[in-house]
Amino acid sequence: MDWTPTISELSGPRYLRIVEAMEADIAAGRLVRGQQLPTQRALAKALGIDLTTVTRAYTEARRRGIMEARVGQGSFVSETSARRVVDLPHPVAIDLSMNVPPHPLEAQLDERIIAGLEAIRAQSGLTAFLNYQPPGGSAHEREVAARWMRARVPHAHADKLVIFPGAQTILFNLLAHLARPGDVVLTEALTFPGIKAAAAQLGVKLVGVAMDDGGILLGALAKACRMHSPKAIYLIPTLHNPTTATLAPERRSAIAKIVRDVDTILIEDDAYGLLDRSASPIANLIPERTYLATTLSKCIAPALRVAYLLTPDSGAQLQMRGYLQATVQMPAPLMVALVTHWLETGVADRIITAIRNEAIGRQQLAQRALKGFQFQAKPAAHHLWLHLPEGRPDVAAHLLRNGLAIVTGDAFTAGGTSPHAARVSLGAARNRSELTGALRILVGALQKPTDTRQIV
């Protein structure tokens, strides 16, 4: 609480000079995430200025997302390193469209990144990771990752594992490997937009299979397999994007039997599996027919660009390493080294636990705010699936005009009619205070009729 900004060398109104000094000190490391700031009265006294000037400065700092107020505790440097409001594309002020993990103070990401890189520097030097590395990771990196994965996937071994720069690269390369233009790959009726984009680029036809609240329907899947003879089936069995549906064990077993009976391949997208460890991957039932993609984008941070592909056997592993080398050469070596260090030391699991706990807290907040509305959610999910009012096609547009972005159902539809629903990404808000404000705007739009007429 001993921070006193230097504002005499800055120009402009005093309250803005305080905010600019705060931003500069955060950028320089003189203020760190979660650090408590002086009370408004104390800072006014230290600077010899009027209390209302400091109040205005703190209000502006909160608006920019660099500071947050905690009831009964005081004011603190924002707990997140996400972009401030003014850096977001106009006119979005609060972006709940991106499904990213929250970064609570308890995750200690800034400190753990610094400590991890320092440990790597002390052991082998950072420049060792600035050259070309083996595509798909070194033997050591793959062994560490496989050992970590074996807690959920007992058959994980280094000779079946490939390290990719993100799950999107895995999906693109898998489709290129398993299918040709015009071939069919089955998905849930609502699916990840990334697989849609990859399929469109490769000329692969996605066919959506009907779902209920528990996930893909078994009868519909079996029928689609008989009708289309798919080259593969792509599923998100745990905390499905966008519906949050998590397949029950019985349905997973039945899906495994269908995959085996029709002699096809399963692409299991386990992006959210680490947020719900009670769900056993389908890969455990049919390892010889499953490509399991596990990414750190949804449980730690997307910009790490580290994801793991567990292949059916060592031959498939060599093939996928070849695809990786031909498309992007390798994952970023320094990021892989950092993540490998975190896996070895247990830091990764501690970060994931903190993020999972924050996700649970945000879901509880959303449950209270959206009471009385129809939506699907799970305790540790980063998102919820909100059913929009019938006869109101304008809700998302109205929200956007009010600075709030969500993603409507058409983005996820794999053929058929798009549902009148939207994915609301709770992790995208920079903190719970911002999320509370966003949910207030959302509830207001759901409760009141909107006027979409424009003056022309």
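In this predicted model, strand β5 (residues 184–188) and strand β9 (residues 232–235) run parallel and are joined by two bridges. Valine 185 has alanine 232 of β9 as its bridge partner. β5 and β9 belong to an open sheet of seven strands, in the order β4-β12-β11-β10-β9-β5-β6, with mixed pairing. At the edges of the sheet stand β4 (161–164) and β6 (205–209), each with a single partner strand, so one side of each is left without a neighbour in the sheet. From one strand to the next, the twist averages 20°.

Which helix lies across β5, β6 and β9? Helix α8 (residues 218–228) does, running at about 170° to β5. On the α8 side, the contact is made by Leu218, Leu221, Ala222 and Cys225, while α9 supplies Arg251, Ala254, Ile255 and Ile258. Sorted by class, the contact of α8 with α9 has seven nonpolar residues, no polar residues and one charged residue.

The loop between β9 and α9 (249–261) holds proline 242. A cis peptide bond joins asparagine 241 to proline 242, with omega at about 20°.

Are the side chains of β4 buried or exposed? Leu161 and Ile163 on one side, and Val162 and Phe164 on the other, are all buried, which leaves both faces of β4 covered.

Next comes the loop between β4 and α6 (167–178), where proline 165 is found. Proline 165 has a relative accessible area of 15%, and it counts as buried because that value is under 20%. What does proline 165 contact, leaving aside its neighbours within four places in sequence? The residues in contact with proline 165 are Arg305, Leu324, Val328, Met330 and Pro331. The C-alpha atoms of proline 165 and alanine 332 are separated by 6.8 Å, although the two residues are 167 residues apart along the chain.

Arginine 305, one of the contacts of proline 165, has a feature of its own. Its phi is positive, at about 55°, although arginine 305 is not a glycine. Arginine 305 lies in the loop between β11 (290–295) and β12 (307–310) and, at 33% relative accessibility, counts as partly exposed. Glutamine 108 is another non-glycine residue with a positive phi, near 50°. The place of glutamine 108 is the loop between β3 (94–95) and α4 (109–124). With a relative accessible area of 34%, glutamine 108 is partly exposed.

A further open sheet is made of four strands in the order β13-β14-β17-β16, with antiparallel pairing. Its edge strands are β13 (375–376) and β16 (407–408), each of which pairs on one side only. Within this sheet, strand β14 (residues 383–387) pairs with strand β17 (residues 421–425) over five bridges, in the antiparallel sense. Leucine 384 stands opposite valine 424 in β17.

Helix α12 (residues 347–369) and helix α14 (residues 432–447) pack with their axes 10 Å apart, at an angle of about 30°. How are α12 and α14 oriented to each other? Angles under 35 degrees count as roughly parallel, and α12 and α14 are therefore roughly parallel to each other. Their crossing is right-handed. From α12, the residues that meet α14 are Glu358, Gly361, Arg362, Leu365, Ala366 and Ala369; their counterparts in α14 are Arg432, Leu435, Thr436, Leu439 and Val443. By class, this contact of α12 with α14 has six nonpolar, two polar and three charged residues.

Methods. Residues are numbered from 1 along each chain as its sequence is written. This is a predicted model: local features need pLDDT of at least 70, side-chain atom pairs count only at pLDDT 80 or more; totals for chains, interfaces and linings use all residues. Side-chain values use heavy atoms; hydrogens and water are left out. Two strands pair if DSSP finds at least two bridges between them. Axes are lines fitted to C-alpha atoms, for helices over the stretch in contact, and angles run from 0 to 180 degrees between N-to-C directions. Contact means heavy atoms within 4.5 Å. Angles under 35 degrees count as roughly parallel, over 145 as roughly antiparallel, 65 to 115 as roughly perpendicular and the rest as oblique. A crossing is left-handed if the near helix is turned anticlockwise from the far one by less than a right angle, and right-handed if clockwise. Ala, Val, Leu, Ile, Met, Phe, Trp, Tyr, Cys and Pro count as nonpolar, Asp, Glu, Lys and Arg as charged, and the others, Gly among them, as polar. Buried means under 20% relative accessible area, exposed over 50%, partly exposed in between (1.4 Å probe, protein chains only).
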